[in-house]
Amino acid sequence: MLSLFDYLVIAFYFVFMTLIGWVFRKFNSNTSDYFRGGGQMVWWMAGASAFMVAFSAWTFTGAASKAYEDGSIIMVIFFANAVGFFFNFLYFAPRFRQMRVVTAIEAVRIRFGKANEQFFTWLQIPLGTLYAGIWLNGLGVFVAAVFGLDLSLTIVVVGLVVLIMAVTGGAWAVVASDFMQVLILMPITVVAAFLALREVGGVGEFFAKVPANHFDWTHGTESTLIYLWVGAILIKQFCSTNNMLDASRYLNVKDSGHARKAALLGMVLFLIGPLVWFIPPMAASISHPDLAAEFPTLANPSEAAFVASCLGTMPAGMIGLLVSGIFAATMSSMDSGLNRNAGFFVKNFYHVVLRPTADEPELMRASKLTTLVLGLLVICAALTFSRWKDIGLFDLMLQFGSLVALPYSMPLIWGILIKKAPSWAGWTTVLVGFISSLVGKAYLNAEWIQGLMSWTPLAKNAQSDWVLIVGVLLNVTVCSVWFLGSCLFANTRSEEEKERVAGFFQTLRTPVDFAKEMGAGNDGRQFRILGLLCLAYGAFILLLVAIPNPLIGRLSFAFCGLTIGLIGYLLHRASRTA
């Protein structure tokens, strides 16, 4: 299915990503550098990384399957991310940076105490591993469909490649590679969307031929259910982007102003991305109506919708570029997730409980070893998910988020807004949320709502939507009532706790003065190195214009190469004055 040129493009991509880790290796002198770039990164690096980390190859497999079957409603999830980043910009991003910690769990310790530090550490590590397993499984589905390889073998091989990259690079390499990968992914998906529309006869024919439900969201289903689903998604994505755990994306920037700009960049990218990402799978519903026949080895053939559209339209060499871009989506999520979780283990358990006297060289060794072990666990989790045949990647990701991850997030949102809640409100809110998830899934199921609303039996996808709705609405309500109710016991807090929390909120309100707190930055060095890397990758893509392709194929390579090269030129020129 791939040409020799495609394989060469993919090979160059791997070499190039490895080079980024080598280039930035000297930026890491301690664990603060390794886990958060020493708090010296400029906004455009951090914003691009925050954007890339917020999605994975699941977008082009599980989410693409939803676009193939149900159309534009999938964009709600990604536009909801933009809403979440907008609230980052308005309020949360500068306060996250103003925590002045190396890991987000350190902020949890200051706000909720040492017991909560260990509780959230040991809850997040397995949850983060499962999430990364879902991401890697999604990537495996994509690559297996493109290469025609065994899914399990693909997961192992790709997982090991990602793991090697994660271990060898710290936060500097992770964030720098995320920025590069944004520049790879966005132009190539624009080309994919253009070619997909061209294949079905243009924009007019696209709108005329797609199934009715692609733009009429209530077609064939209960309108009330759709409205509830949209509302639940908006709430869920707000929670997933504005809790203390996700402060990690802003701890690495220089100051409060850079944090706001990074959030704004993430918002803009999430407004643009979905408009092009889901054109190919929606067009595939026209050009590839029987994906089960084309991909008989996949448990959920619709997850190959994006692949099918691109395989039929892209010139020689460009599928390799696309595969590199999709690989980038999951690599950024896994790199950042592994780096963050390793930071939690090393800084919040190993250094606090096991080795309080450990020096920086020992902590750096422990960090890399921890990343290795966690990466292997991610591969095992992905292999397990690949054997689940009764639930697709789309439903798996959303239900996991609403039933498991959301209860974890709720106290980490309220904890940064409400000062009076006692320390025990943190861990108890999570447990109450888990109980409400179990109750909701067991008793407030599709049969219950059908009887309550006198609906006809819901289709399978509508039943999955209802699980998400119940998980979000029930958990947000129950967890919020419990957390806010704990404020009634504010007077039972010790004086030590009151002083610690008061200091935490005072720190949150104090803007970061980079010159006084950190000293001289290295902005020019960041601009120069990323500029040169962009110029190099853009030049490589421009060389692909020489591949014997039709004119439209050559122009596609020229567009991608010139886009990356132009940004590289602007960054390198800006390095002279930064």
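A salt bridge is taken here as a side-chain nitrogen of Lys or Arg within 4 Å of a carboxyl oxygen of Asp or Glu. The model is predicted, so local features need pLDDT of at least 70 and side-chain atom pairs count only at pLDDT 80 or more, while totals for chains, interfaces and linings use all residues. Residues are numbered from 1 along each chain as its sequence is written, and side-chain values use heavy atoms, with hydrogens and water left out.

**View 1. Salt bridge between glutamate 496 and arginine 500 in helix H23.** The side chains of this pair approach to 3.4 Å, N to O. Glutamate 496 and arginine 500 are four residues apart in H23 (residues 495-508) and therefore separated by about one helical turn. Helices are DSSP runs (H or I, at least four residues), numbered from the N terminus.

View 2. Aspartate 246 has 15% relative accessibility and arginine 249 has 13%; each counts as buried because the limit is under 20% relative accessible area (exposed is over 50%, partly exposed in between; 1.4 Å probe, protein chains only).

**View 3. Network of Lys66, Asp70 and Asp465.** Salt bridges link these three residues in a network. The structure holds eleven salt bridges.

**View 4. The second largest cavity, with a volume of about 80 Å³.** A cavity is a set of points on a 1 Å grid over the protein atoms alone where a 1.4 Å probe fits but cannot get out; lining residues have an atom within 4 Å of a point. Grid points are joined across faces, edges and corners, and the volume is the space filled by probe spheres set on the points. There are three cavities of 30 Å³ or more. Helices H1 (4-23), H8 (151-168), H9 (171-199) and H17 (318-354) each supply at least two lining residues, and H1 gives the most, with four. Among the lining residues are Met17, Met165, Val174 and Asp335.

**View 5. Helix H11, residues 223-241.** Buried residues of H11 include Trp229, Lys236 and Cys239.

Note on methods. 1 Å grid on protein atoms, 1.4 Å probe; cavity = no way out; pocket = protein on both sides within 12 Å on 5 of 7 lines; lining within 4 Å. Expected span 1.5 Å × (residues − 1).
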